[in-house]
Amino acid sequence: MSFRFEIEATDGKARAGRMHTPHGVIETPVFMPVGTLGTVKAVPQDVLEELGVQILLNNTYHLYLRPGVERVRALGGVQRFMAWDKPILTDSGGFQVFSLSELRKVTEEGVAFRSHLDGSSHMFTPESAVAAQIGLGADIIMAFDECTEHPAELGRARASMEMTLRWLNRSRDYFEAHKEEVPWFGGVPGDSRLGRGPSTPAAKDAAFAQDDTKCGNRRPTLSQKREKDGTSTSSGTAGPSTRAEALAQDDTRNKTLTHDDKPYLAEPGETQALFGIVQGGMYPELRRESAERTVEIDLPGYAIGGLSVGEPRPMTYAMLDAAMPYLPENKPRYLMGVGTPEELVYYVAQGVDMMDCVLPTRAARHGLLFTSEGKLTIKNARFAKDEGPLDPNCSCKVCGRYSRAYLRHLYASNELLAQVLNTVHNLAYYLDTMRRVRQAILLGEFATFLSGVRPPHLSVPW
């Protein structure tokens, strides 16, 4: 199977699981750093690997405009393009188009919009948004939806929800007809070889050895990779018989890989996973209805969208509570575009498996840092003589090496290194929070973990 989700443990509503994708396994609950343009701002990919990032989010709208989907496809897909051999999720572009309120026009067909870069005219439809994501080649892709603005009248929210459901059917139909056109093995749309290959080792080697003439590189064959790793079976020595066994023997997290060394883990025959999105504005009855009707379309996973669009945070929690009971327990649940570290813990407690947010990286660039002692604004003058670490309870390399005084100096001096170090720390704090959450669930100690964490909104029942 191209995509599989399994639950390892539960503690209350919280779940610890594993998602199997063409480019690797993701342990959940998981926080996905946002790499809008194929990059997490200020952080190179080797550092992301050191931090333990399992999956990145890329933005379809931005990559569609620059450098363009066909260019990324010709270069082997977004993983190869950005030298990242782990899973990637792409959003549909619906939220970004939603944010272009003065540059877009929504119709039943789709959304006509003008580029924020040069004013050129474009059109996203459910079909073209899915086609773009197939061309980019992410492991998980999202159906095209309309993100309802806040505030919105009930009639407007219902009309938007109904159109999102119609667009979901169109997204699904297009995906099923074109899902084999992923760029992982070269070729062009309509090429029957794409994503479809014979299962014998020799035939797989031939598929992996196809020239990528536009990129100028040849992918290593499975046999070449086994020889490089010392796991070749040509001499009769028993080697890994499955991709899972090969992955277990080839842990690349702790070694530096060159461009040609990067393992292209997707196997012929594997395809992307399409997720549907629940909408419904800020109306609990619409959220329930949207969830029920969305899951009628059997998909590998489901997301809750249209939140964090300016509504009060207690309203966000209420909309989550309205939709969650109607999402399948045996499939991943993705809450889009949230939140602070404390909020992530709250969402996990409600049964959420996947989350993303620009907050840790965007806040870092403005000097706002998350620590075990609360939020800290590094530009404050009180840190000018502080020789202590940024967070005494954090084991990241920033806290292990640099003082608050130095970090403040970098920020006050407008040094680029300030953005790098601040971002590395914030990501480390988010990722460490999720690791501790997962461990608590596996040990059956999540309730104890929760007792020491409170979201910043005291009106929320805990």
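Contact is taken here to mean heavy atoms within 4.5 Å. In the predicted model, and leaving aside its neighbours within four places in sequence, Ser 403 is in contact with Asp 386, Glu 387 and Gly 388. Ser 403 itself is found in the loop between α15, which spans residues 397–401, and α16, which spans residues 404–412. From this loop position, the side chain of Ser 403 reaches the backbone nitrogen of Tyr 406 at a distance of 3.1 Å.

Elsewhere in the chain, 3 strands form an open sheet in the order β7-β8-β9, with antiparallel pairing. The edge strands of this sheet are β7 (104–106) and β9 (121–124), each of which pairs on one side only, and the twist from one strand to the next averages 15 degrees. Strand β8, comprising residues 111–114, is joined to β9 by 4 bridges, the two strands running antiparallel; Ala 112 stands opposite Met 123 in β9.

The second largest pocket has a volume of about 880 Å³. Its lining comprises 43 residues, of which Phe 95, Gln 96, Gly 337, Asp 356 and Val 358 lie nearest the centre of the pocket. Two or more lining residues are given by each of the elements β5 (56–59), α2 (60–65), α5 (94–99), β16 (354–357) and α14 (359–365). When the lining of the second largest pocket is divided by class, 20 residues are polar, 15 are nonpolar and 8 are charged.

Notes. Residues numbered from 1 in each chain as written. Predicted model: local features only at pLDDT ≥ 70, side-chain atom pairs only at ≥ 80, totals over all residues. Heavy atoms only, no water. Pairing = 2+ DSSP bridges. Axes fitted to C-alpha atoms, helices over the stretch in contact; angles between N-to-C directions. Polar contact = N/O pair within 3.5 Å; in protein donor to acceptor, adjacent residues only side chain to side chain. 1 Å grid on protein atoms, 1.4 Å probe; cavity = no way out; pocket = protein on both sides within 12 Å on 5 of 7 lines; lining within 4 Å. Points joined across faces, edges and corners; volume = space filled by probe spheres on them. Nonpolar A, V, L, I, M, F, W, Y, C, P; charged D, E, K, R; others polar.
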